Amino acid sequence: MIKTKITELLGIKYPLIQGGMAHISDAALAGAVSNAGGLGIITSVNRDPDFLKKEIEKIRKITEKPFGVNIMMQSPDIEKTAQIIVDEGVPVVTTGAGSPARFMDMWNKAGAKVIPVIASVAMARKVEQAGACAIVAEGCESGGHVGEMTTMALVPQVCDNVNIPVIAAGGIADGRGVAASFMLGAEGVQIGTRFLTADECLIHQNYKNLIFKASDISTVVTGKRLGHPVRSIKTPFSRNYSKSEYSSISDEELEQSAVGALYKAVAEGNEKEGCFLAGQVAGMLTHSEPASEIVKSIMDQTEKILEGGCKRWVK
Ligand SMILES: Cc1cc2nc3c(=O)[nH]c(=O)nc-3n(C[C@H](O)[C@H](O)[C@H](O)COP(=O)(O)O)c2cc1C
C-alpha cells in the first residue's frame, strides 16, 4: 500500500487525481475514479453554475468518497461558482489560469482543500503564500493549457521551493510515470489524457479513436501568439490554426476561429473544426477500459516498481 502526504491530506486510498477536463470530466467519470480510490474532479469550466450544482448532486449519488471541482480563475461565472463550492461543501478545489488568492479564505473556512495547478516556481510560491494546502506542478507534456517547462525539470524545482505537498502532472500514464514522479519529490500525481480512454468518459468515439491512433509525435502546441498555448492532437483544425498564427490575420479573427472548437471535438468528433486536447502520452494508449481498471493497473505497477525497481541498479 502506498501512503503519502496526499493520501492523508485528501483521505483517499491512492495518491492519484483525475485532472479536471473542460467539457469532459463530469460526475460519471469523476465518481468512478473516486470509487476506485483516486480523486475524481468535476469540471466547472464552460459550465452553467446550475449545471455544476446538478453534477455535484449526481456525484454524491455515485460515491461517498471525496471528490473535487476544477475552476478556471478567468471564468465569467467565477463568483457564483466560488460560492457553490461553499454552499455544497465541496471537499477539494483545483484551480487554473491564475491565483485563487481572493477566494482562499472563504474556501478554507468552508473546509475545502484548495490545490492550484501551476507551471512555474514563482507561481508555486505565490499560491503557497496565499494558503494552498498542496499544488499540482504541471509540465508541458500535458494535454490542455500548457506552460513552458517539462514535468521532469519543473517538479524537483517546485519541490525544492515550497513546503506544501507537490502533485506531479503532465506525461504520466502508467506506474512508471508515477514512480518517477515520486523520485522527483512528488507526493502524488494528476492524470488527464489517460482518463480520456475510460469507458465512463463520454467523449465522441472519433476523439477516442484519434488517441488510440496517436504516436509519440501526434500532438502539437498552438495558441502561443494569443498567450494561451494548448496541446492537442494534430488534425486539420490544428494545422490550419498553426498556419493562421503565422499569417497576417488579426488577433480577433484568430481568436474567433477557435471558438467552440473543444465542444466540436468532444460532442461531435469533428476533425475539421474540433480541437482534440490531449497530452504527449496519447501515443501510449491503445484501448478503452473502466476507470477503476485504469486506477488499479497504474497503482499496482507503481507498487511493483517501488518495491523492486531500485534493486536493478543498487546491489
Ligand atoms: C482534454 C483535456 C482538458 C483539460 N482541461 C483542463 C481544465 O479545464 N482545467 C485544468 O486545470 N486542467 C485541464 N487539463 C489538464 C488536466 O487536468 C491534467 O493536469 C493534465 O491532463 C495532466 O497531463 P496528462 O494529460 O499528460 O495526463 C485538461 C487536460 C485534457 C487532456
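The model described here is predicted.

**The ligand and its surroundings**

- The ligand is surrounded by 20 residues, and the closest are Asn70, Glu138, Gly171, Gln190 and Thr193.
- Sorted by class, this shell consists of nine nonpolar, 10 polar and one charged residues.
- The side chain of Glu138 has an N or O atom 2.6 Å from an oxygen atom of the ligand.
- A polar backbone atom of Gly20 is 2.8 Å from an oxygen atom of the ligand.
- For Gly143, a backbone N or O atom lies 3.1 Å from an oxygen atom of the ligand.
- On its own the ligand has 590 Å² of accessible area, and the protein covers 97% of it.
- Two elements give two or more residues to the shell around the ligand, namely β3 (67–72) and β9 (188–191).

**Asn70, a residue of the ligand shell**

- Asn70, one of the closest residues to the ligand, is found in strand β3.
- Asn70 has a relative accessible area of 7%, and it counts as buried because this value is under 20%.
- The side chains of Asn70 and Thr94 are joined by a polar contact of 2.9 Å.
- Leaving aside residues up to four places away in sequence, Asn70 touches Gly20, Ile41, Ile42, Thr43, Ser44, Val45, Thr94 and Thr95.
- Among these contacts is Gly20, whose backbone also has a polar atom 2.8 Å from an oxygen atom of the ligand.

- Helix α10 comprises residues 236–245, and its buried residues are Phe237, Ser238, Tyr241, Ser244 and Glu245.
- In general, an α-helix has 3.6 residues a turn, so residues three or four places apart point the same way.
- The cover over the buried residues of α10 includes the strands β10 (219–222) and β11 (230–233), together with the helices α11 (251–256) and α12 (261–268).
- From C-alpha to C-alpha, Lys243 and Thr222 are 9.8 Å apart in space, while 21 residues apart in sequence.

- Thr235 is located in the loop between β11 and α10.
- Thr235 counts as buried because its relative accessibility of 2% is under 20%.
- With residues up to four places away in sequence not counted, Thr235 touches Leu210, Glu271, Gly274 and Phe276.

**Positive phi in residues other than glycine**

- His23 is not a glycine, yet its phi is positive, at about 70°.
- The position of His23 is in the loop between β1 (16–18) and α2 (27–35).
- Ala97, likewise a residue other than glycine, has a positive phi near 60°.
- The loop between β4 (92–96) and α5 (101–109) contains Ala97.
- Ala97 counts as partly exposed because its relative accessibility is 40%, a value between the 20% and 50% cut-offs.

Conventions:
Residues numbered from 1 in each chain as written. Predicted model: local features only at pLDDT ≥ 70, side-chain atom pairs only at ≥ 80, totals over all residues. Heavy atoms only, no water. Near = heavy atom within 4 Å. Polar contact = N/O pair within 3.5 Å; in protein donor to acceptor, adjacent residues only side chain to side chain. Areas by Shrake-Rupley, 256 points an atom, 1.4 Å probe, with all protein chains shown as cover. Helix = DSSP H or I, 4+ residues; strand = E, 2+ residues; numbered from the N terminus. Nonpolar A, V, L, I, M, F, W, Y, C, P; charged D, E, K, R; others polar. Buried < 20%, exposed > 50% of the residue type's maximum accessible area, 1.4 Å probe, protein only. Contact = heavy atoms within 4.5 Å.
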